[in-house]
Amino acid sequence: MKHNRRISAVAVLALAALVTGTGAGFAATTTPSATSVATHAFDTAPATASAPTRPFHGTLPAPTGRYAAGEDVIHLTDASRPDPWVPSSGPRQLTVTMVYPAVPGTGTPAPYMTLAEAAGHIQRAKIPASSGITPQNLSSVTTHAFDGARPQRGKHPLVVLSPGFGDPRMVLTSLATDLASHGYVVALVGHTHEDSGETLANGETPPCAICDDPNRDMDTVTASRALDVSFVIDQLTHGNTAWPLAHLIDKHEIGMAGHSIGGATAATTMIADPRVRAGVNMDGKFYPVPMPGQINRPFLMLGAPDSQRTDTTWGQAWAALGGYKKWLAVTGANHPSFTDVDLLEEEAGFPTPPLDPERGIVITREYVTAFFDRTLKGIHSQLLDGPSPNNPEVLFQH
């Protein structure tokens with residue numbers, strides 16, 4: 001995972017901008033509140049750069065479960081709701097990546113993102129052609145997911161994933177593929193007009209409409225995302241017109257996890273939608289903080305220690321949560337440690353936090369899966385009982 005370290009400095013900066021946005025961006029600080037605001041530090045990258053010795057080739061870790069990960073990309077339109085950020089574009093349109101337990105050896109390798117989505121990142125970050133980062137090699141990051149793979153039989157819990165503000169849905173691909181390999185159907189939601197581009201059904205890839213708005217209200221963002229998520233759940237649990245494999249979903253066992261503002265959205269969605277039985281916030285400030293009695297279902301808070309020291313909303317949320325709950329801090333982690341971002345940056349030769357990027361992904365996968373195993377499948381895992389010698393980085397705060 002530590003190859004290709006001779007890439008140029010500008011190309012390294014480019015990669016960070018391309019794969020992150022702001023929720024997990026290189027320039028972001030470790031506090032959830034700060035990372036919810038766009039910084040766009042990469043817009044200042046120099047106009048020229050020497051070409052890297054060789055092109056960037058990114059590889060995400062393989063899933064650890066017994067199943068392969070199948071993938072479908074679906075496009076949904078909520079005819080009852082205009083787009084909240086660009087009303088002139090018509091009804092709210094969403095692109096969702098469905099990742100599901102699949103039969104090994106079936107399907108074809110899935111791209112990390114579309115060429116248009118990759119080009120949108122490059123354009124927004126003003127990355128010069130000399131950087132060596134191209135839409136082709138960015139979109140071709142190895143994901144270990146397979147388009148059109150034959151599904152495993154049976155019904156599986158549904159987990160909805162929501163990325164950080166400014167981040168495309170793809171930055172949670174490592175988590176999505178691993179959950180699928182352990183017997184979950186995953187809906188990875190792209191929140192249109194909230195990042196550098198999600199390719200819609202008509203082939204358009206609209207840019208972020210609100211990233212540069214200094215007056216945006218993050219409570220409004222989470223409320224809008226909660227509507228997105230509830231609509232996606234509606235579409236996936238009422239017949240199979242939205243997704244031909246919807247019969248794989250156990251509609252009585254639904255969870256949600258998110259990173260940064262996506263983690264806040266997990267809480268907001270649980271307040272609004274009782275179908276979501278368990279939630280995970282990965283290093284996100286709560287917008288707004290839940291009130292006592294609003295969430296009496298299981299909730300996991302997983303984040304970086306520095307974030308938790310500086311963000312008062314975590315303590316307030318912890319006091320308000322009424323169900324089974326865990327609060328974990330990961331020593332050495334930074335804000336992107338719970339996504340694909342740090343690993344891809346390391347593969348490009350970029351400096352990384354004290355926590356090894358691959359360890360960040362391993363820890364995120366293990367604890368999120370153990371949490372959903374317990375809350376959606378009724379499978380007890382000692383991992384959540386207390387400190388583990390195999391994971392000394394994970395501190396149980398409560």
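Predicted model: local features only at pLDDT ≥ 70, side-chain atom pairs only at ≥ 80, totals over all residues.

Reader: What percentage of the residues count as buried?

Author: Of the 398 residues, 61% count as buried. Buried means under 20% relative accessible area, exposed means over 50%, and partly exposed is in between, using a 1.4 Å probe and protein chains only.

Reader: And what is the accessible surface of the protein?

Author: The accessible surface is about 14300 Å², and 56% of that belongs to carbon and sulfur atoms. Such areas come from the Shrake-Rupley method with a 1.4 Å probe; for residues, only the protein chains shown count as cover.

Reader: What share of the contacts joins residues 24 or more positions apart?

Author: Among contacts with a separation of 6 or more, 75% are between residues 24 or more positions apart. Contact means heavy atoms within 4.5 Å.

Reader: Turning to helices, at what angle do H6 and H7 pack?

Author: Helix H6 (residues 218–237) packs against helix H7 (residues 261–272) at about 65 degrees, and their axes are 8 Å apart. That angle makes H6 roughly perpendicular to H7. The axes are lines fitted to C-alpha atoms, for helices over the stretch in contact, and angles run from 0 to 180 degrees between N-to-C directions. Angles under 35 degrees count as roughly parallel, over 145 as roughly antiparallel, 65 to 115 as roughly perpendicular, and the rest as oblique.

Reader: Is the crossing of H6 and H7 left-handed or right-handed?

Author: The crossing of H6 and H7 is right-handed. A crossing is right-handed if the near helix is turned clockwise from the far one by less than a right angle, and left-handed if anticlockwise.

Reader: Which residues make that contact?

Author: H6 contributes Met-218, Val-221, Thr-222, Ala-223, Arg-225, Ala-226, Val-229 and Ser-230, while H7 contributes Ile-261, Gly-262, Ala-264, Thr-265, Thr-268 and Thr-269. They divide into 7 nonpolar, 6 polar and 1 charged. Here Ala, Val, Leu, Ile, Met, Phe, Trp, Tyr, Cys and Pro count as nonpolar, Asp, Glu, Lys and Arg as charged, and the others, Gly among them, as polar.

Reader: How do H5 and H11 pack?

Author: Helix H5 (residues 173–181) and helix H11 (residues 357–377) meet at about 45 degrees, with axes 10 Å apart. H5 and H11 are therefore oblique to each other. Their crossing is right-handed. The residues in contact include Leu-175 and Asp-178 of H5 and Arg-365 and Phe-372 of H11. In total, that contact has 5 nonpolar, 4 polar and 2 charged residues.

Reader: Now some single residues, please. What does Ala-278 touch?

Author: Ala-278 lies in strand E8 and is buried, with a relative accessible area of 0%. Beyond residues up to four places away in sequence, Ala-278 touches several others, including Met-256, Met-270, Phe-371 and Phe-372. Ala-278 and Arg-374 are 96 residues apart in sequence and 9.9 Å apart in space, C-alpha to C-alpha.

Reader: Where does Val-73 lie?

Author: Val-73 is in strand E1 (residues 68–82). With a relative accessible area of 39%, Val-73 is partly exposed. Leaving out residues up to four places away in sequence, Val-73 touches Thr-95, Val-96, Thr-97 and Arg-169.

Reader: One more topic, the backbone. What is phi of Ser-260?

Author: Phi of Ser-260 is near 60 degrees, a positive value in a residue other than glycine. Ser-260 is in the loop between strand E7 (249–259) and H7, and at 1% relative accessibility Ser-260 counts as buried. His-144 also has a positive phi, near 65 degrees, but His-144 is partly exposed at 26%.

Reader: Is the peptide bond from Tyr-287 to Pro-288 cis or trans?

Author: That bond, from Tyr-287 to Pro-288, is cis, with omega near -10 degrees. Pro-288 lies in the loop between strand E8 (276–282) and strand E9 (299–303).

Conventions
Residues numbered from 1 in each chain as written. Heavy atoms only, no water. Helix = DSSP H or I, 4+ residues; strand = E, 2+ residues; numbered from the N terminus.
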